[in-house]
Amino acid sequence: FFLDKGIKLALLCSVITALLSTVIKLITPLASASVISIAMGLPTILIFPFLVKSWGSRVKSFYTKDIKGVSLAIFFNSISMYLQIGALKMGPVGKVMAIFQAMSIISVLLGIFFLNEKKDVGKKILGSLIVLFGALILIQ
């Protein structure tokens, strides 16, 4: 059974997202959103340096290229995680994650219009519509 590498990675990310969402939902009564966010970041901070070749130079070059853009991305990602954890405290995992994953549509549209990512626009829009349709089904 042959799958494209991108499809394999997308499936892997979906499984990991489902597992993490379930774990976060179970933990939300025990800790605040800030504590959960920090705890989620610790494994990456501690393990990442051992798994990536030339870790120090890669991180340094990543941050020196566009520090404002990287800082802005970190800021908005932190806010989205905080809001996601808060939403998981209030609602069912399926609905919360459907809405959270549907936010990728905004990223696709911003990429097309502001970053001039014109390659395969039709496929990107079709994929966004499929995500939106799936999210609407899950929410109802």
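**Pocket, crossing and burial**

Tutor: The largest pocket has 16 lining residues, and Thr44, Ile45, Tyr63, Ile74 and Asn77 lie nearest its centre. This is a predicted model, where local features need pLDDT of at least 70 and side-chain atom pairs pLDDT 80 or more, while totals for chains, interfaces and linings use all residues. Residues are numbered from 1 along each chain as its sequence is written, and side-chain values use heavy atoms, without hydrogens or water.

Student: What makes a residue part of a pocket's lining?

Tutor: It has an atom within 4 Å of a pocket point; on a 1 Å grid over the protein atoms alone, a pocket is an open set of points where a 1.4 Å probe fits, with protein on both sides within 12 Å along at least five of seven lines. Helices α2 (33–51), α3 (55–65) and α4 (67–90) each give two or more residues to this lining. The largest share, eight residues, is from α2. A helix here is a DSSP run (H or I, at least four residues), numbered from the N terminus.

Student: Which classes make up the lining of the largest pocket?

Tutor: It has 11 nonpolar and five polar residues, and no charged ones. Ala, Val, Leu, Ile, Met, Phe, Trp, Tyr, Cys and Pro count as nonpolar; Asp, Glu, Lys and Arg as charged; the others, Gly among them, as polar.

Student: How do you know whether Ser21 is buried or exposed?

Tutor: Ser21, in helix α1, has 2% relative accessibility, so Ser21 counts as buried. The cut-offs are under 20% relative accessible area for buried, over 50% for exposed and partly exposed in between, with a 1.4 Å probe and protein chains only. Beyond neighbours within four places in sequence, Ser21 touches Gln84, Leu88, Val93 and Met97.

Student: Why does Ala18 get its own label?

Tutor: Ala18 is also in α1. Its relative accessible area is 43%, so Ala18 is partly exposed. Ala18 and Met97 are 79 residues apart along the chain, with 8.3 Å between their C-alpha atoms.

Student: Which residues of α5 are buried?

Tutor: In α5 (residues 93–102), they are Val96, Met97, Ala98 and Ala102. Their cover includes α1 (5–27), α4, α6 (104–114) and α7 (121–139).

Note on methods. Contact means heavy atoms within 4.5 Å.
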